[in-house]
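Subject: Structure handover

Hello,

Please find the structure below, with the sequence. My notes on what was found in it follow.

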Amino acid sequence: MKTKVVFEILYTVADDHPMAHGGPAGDGSFVERFRKRADAEKFAKTKTFHGKPSQVRETEVSAMLARRWGF
């Protein structure tokens with residue numbers, strides 16, 4: 001099976017943000033995905049996840065799933 005590497009960042013929005021109760025878990029948390037680590041790290045510098053700095057996570061996914069995400 002062909003795979004691709006993507007870089008993911010988990011982050012939350014502020015309680016006063018319009019999407020504060022949105023996201024997959026309904027708690028204002030979201031996942032942003034990037035093809036390039038540098039882009040992911042730049043994004044993560046400005047985000048937090050439940051009050052802690054967001055981290056970049058390297059993930060290997062199937063090529064089919066990567067295409068679904070637009071990669």
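Pro-18 has a relative accessibility of 78%, so this residue counts as exposed. Pro-18 belongs to the loop that runs between E1 and strand E2 (29-34). Its C-alpha lies 24 Å from that of Trp-69, and 51 residues separate the two in sequence. Please keep in mind throughout that this is a predicted model.

Overall layout

The protein contains two helices and five strands. Read from the N terminus, the order of elements is β-β-α-β-β-β-α. Along the principal axes, the C-alpha atoms fill a box of roughly 40 × 25 × 15 Å. Of the 71 residues in the protein, 28% are buried. The accessible surface is about 5,300 Å², and carbon and sulfur atoms account for 52% of that area.

Taking contacts between residues at least 6 apart in sequence, 61% of them join residues at least 24 apart. On the charge side, there are 13 positive and 9 negative side chains. The centres of these two sets are 8 Å apart.

Aromatic rings

How many aromatic pairs does a search of the whole structure find? The search finds three. One of the ring pairs is Tyr-11 with Phe-43: the ring centres are 5.4 Å apart and the planes are at 75 degrees, so the pair is edge-to-face, an angle over 60 degrees being the criterion. Tyr-11 is in strand E1 (residues 3-12) and Phe-43 is in helix H1 (residues 37-44), so this pair ties together parts that lie 32 residues apart in sequence.

Leaving aside residues up to four places away in sequence, Phe-43 touches Ile-9, Tyr-11, Glu-32 and Phe-34.

Is Tyr-11 buried or exposed? Tyr-11 has a relative accessible area of 12%, and the cut-off for buried is under 20%, so Tyr-11 is buried.

Charges over rings

Tyr-11 also has a charge over its ring: the charged end of Lys-47 sits there, 5.4 Å from the ring centre. A second case involves Arg-33 and Trp-69. Arg-33 lies over the face of Trp-69, at 3.7 Å from the centre of the ring.

Strand E5

Glu-58 is a residue of strand E5 (residues 56-62). Its relative accessibility is 48%, so Glu-58 counts as partly exposed. Not counting residues up to four places away in sequence, Glu-58 touches Val-5, Val-6, Phe-7 and Arg-37. Between Glu-58 and Lys-36, which are 22 residues apart along the chain, the C-alpha separation is 10.0 Å.

The loop between E3 and E4

His-50 is placed in the loop between E3 and E4. What is phi of His-50? The angle is near 50 degrees, a positive value in a residue other than glycine. For background, most residues other than glycine have a negative phi.

Gly-51 is in the loop between strand E3 (48-49) and strand E4 (52-53). With a relative accessibility of 67%, Gly-51 counts as exposed. The C-alpha atoms of Gly-51 and Ala-25 are separated by 17 Å, and the two residues are 26 apart along the chain.

Regards

Definitions and conventions: Residues numbered from 1 in each chain as written. Predicted model: local features only at pLDDT ≥ 70, side-chain atom pairs only at ≥ 80, totals over all residues. Heavy atoms only, no water. Phe/Tyr/Trp six-rings, centres within 6.5 Å; stacked < 30°, edge-to-face > 60°. Helix = DSSP H or I, 4+ residues; strand = E, 2+ residues; numbered from the N terminus. Buried < 20%, exposed > 50% of the residue type's maximum accessible area, 1.4 Å probe, protein only. Lys NZ or Arg CZ within 6 Å of the ring centre and 35° of its normal. Contact = heavy atoms within 4.5 Å. Areas by Shrake-Rupley, 256 points an atom, 1.4 Å probe, with all protein chains shown as cover. Lys, Arg positive; Asp, Glu negative; His and termini not counted. Charge placed at Lys NZ, Arg CZ, Asp CG, Glu CD.
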